[in-house]
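Hello,

Here is the structure we talked about. Please open it and keep it beside you while you read my notes.

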Amino acid sequence: MDVTADPLSLLRERTSMKWRSFPADVLPLFVAESDFPLAEPIRDALTAAVRRSDTGYVAPVNGLGAAFAGFAGRRWGWQVDPEQVTTTTDVSVAIVETLRMLIRPGDRVVITPPVYPPFFDLVPEAGGVPHAVPLLAGQTGWTLDLDGLERAFQSGVRCVLLCNPHNPIGHPHTVQDLTALSGLAAHYGVTVVSDEVHAPLTYTDAAFTPYLTVSTEAADHGVCVTSASKAWNLAGLKCALLVTAGERMRAELAALPQEVSWRTSQFGLIAGIAAFRDGEPWLDGVIAALDDNRRELAALLDAQLPGVGYRQPGAGYLAWLDLRSLGWGDDPALVALEQARVALSPGPMFGEPGRGFARLNFGCSPEVLAEAVSRLAAAT
């Protein structure tokens with residue numbers, strides 16, 4: 001089915017963070033909210049819930065695990081046990097609560113910058129200390145620094161907080177890298193928490209591999225945290241999944257406080273079930289629209305900002321732009337906002353490798369994307 005982004009006139013009626021953080025003359029291409037209308041099955045499920053006044057607490061036995069298992073099986077050939085799926089408020093909370101079960105206060109946790117900025121705060125919130133092992137950027141793409149990871153493990157790191165597909169570069173880590181990581185983690189007694197929230201938005205010319213599927217070791221020491229929030233634009237509804245594949249991690253998460261699952265939103269749960277069960281035609285339409293946008297962005301940059309570095313992502317609607325050639329300093333998002341009236345996510349927030357970079361959200365209409373690049377080019 002065809003899915004197109006809403007026009008700016010309608011988008012500016014929204015009251016979410018994306019549309020209330022800047023004046024109306026700014027194009028907001030920063031936070032990871034998309035501009036597409038809500039998928040019809042989700043809208044219908046939420047409307048029906050309101051009509052029956054279904055606004056209480058989430059039921060301890062519900063259909064989300066089965067809905068996700070069905071989606072994972074169809075999409076990735078991943079056989080998920082619905083009994084090994086639990087829920088909480090959002091992916092960030094899922095990460096914090098999982099880390100609290102897996103580490104001791106003061107333990108180091110690997111993160112791989114440039115990476116989703118909250119990772120730098122979520123690890124300390126859980127009592128850990130972030131230990132950066134930056135990704136390696138080569139001619140053919142991004143890879144995990146396996147040698148750097150092994151050195152970190154040898155030095156006593158207890159856990160890895162993985163981002164797969166990786167935000168901000170939109171890179172689904174390869175089977176080879178994930179398998180190698182799982183072997184190293186098993187050898188050194190390290191656990192892996194894999195944030196896979198962008199996985200449903202993988203393009204047809206790329207391949208996403210769930211971490212828990214790459215080896216028996218990964219299934220033993222890994223936890224997947226995910227949600228329908230990014231793919232179906234449901235962040236405000238607050239529902240995330242914690243998925244395990246082995247008895248060891250199932251037992252770890254079974255010890256979570258009961259309140260962790262009680263904090264799940266009823267509307268988030270209802271929307272998530274509808275998304276994973278009935279939302280694939282809409283999702284495929286969105287991916288087709290985003291596929292056009294990621295290619296169009298490359299063409300626009302080549303024509304108007306040829307010095308800007310950009311590698312088309314394999315998943316998601318986030319573009320990692322190397323703006324160092326423009327001479328806009330360590331945080332070019334400041335110049336983009338002040339001189340072009342385009343709001344981007346500041347590269348330095350993603351860690352030291354983000355200096356001179358910015359993240360652009362192309363989950364918008366082609367017209368908005370073209371206007372944004374035109375504004376950026378005019379500011380040079």
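How far is the sulfur of C159 from the closest cysteine sulfur, and in which residue does that sulfur lie? The distance is 14 Å, and the partner is C224. That is too far for a bond, because a disulfide needs two cysteine sulfur atoms within 2.5 Å. Please note that this is a predicted model.

Across the whole structure, 0 disulfides turn up.

Now for burial. C159 has a relative accessible area of 0%, so C159 is buried. C364 comes out at 2% relative accessibility, so C364 counts as buried too.

Next, a histidine. H166 sits in a loop. Strand β7 (159–163) lies on one side of that loop, and helix α8 (175–188) lies on the other. H166 has 1% relative accessibility and therefore counts as buried. What does H166 touch, once neighbours within four places in sequence are set aside? Its contacts are T112, P114, V115, L135, H171 and H173.

Last, a pair of helices. Two packed helices are described by the angle between their axes and the distance between the axes. Take α4 (residues 64–76) and α13 (residues 280–304). Their axes come within 13 Å and cross at roughly 45°. That makes α4 oblique to α13. The crossing is right-handed. On the α4 side, F71, R74 and R75 make the contact.

Best wishes

Technical notes:
Residues are numbered from 1 along each chain as its sequence is written. This is a predicted model: local features need pLDDT of at least 70, side-chain atom pairs count only at pLDDT 80 or more; totals for chains, interfaces and linings use all residues. Side-chain values use heavy atoms; hydrogens and water are left out. Axes are lines fitted to C-alpha atoms, for helices over the stretch in contact, and angles run from 0 to 180 degrees between N-to-C directions. Helices (H or I, at least four residues) and strands (E, at least two) are DSSP runs, numbered from the N terminus. Angles under 35 degrees count as roughly parallel, over 145 as roughly antiparallel, 65 to 115 as roughly perpendicular and the rest as oblique. A crossing is left-handed if the near helix is turned anticlockwise from the far one by less than a right angle, and right-handed if clockwise. Contact means heavy atoms within 4.5 Å. Buried means under 20% relative accessible area, exposed over 50%, partly exposed in between (1.4 Å probe, protein chains only).
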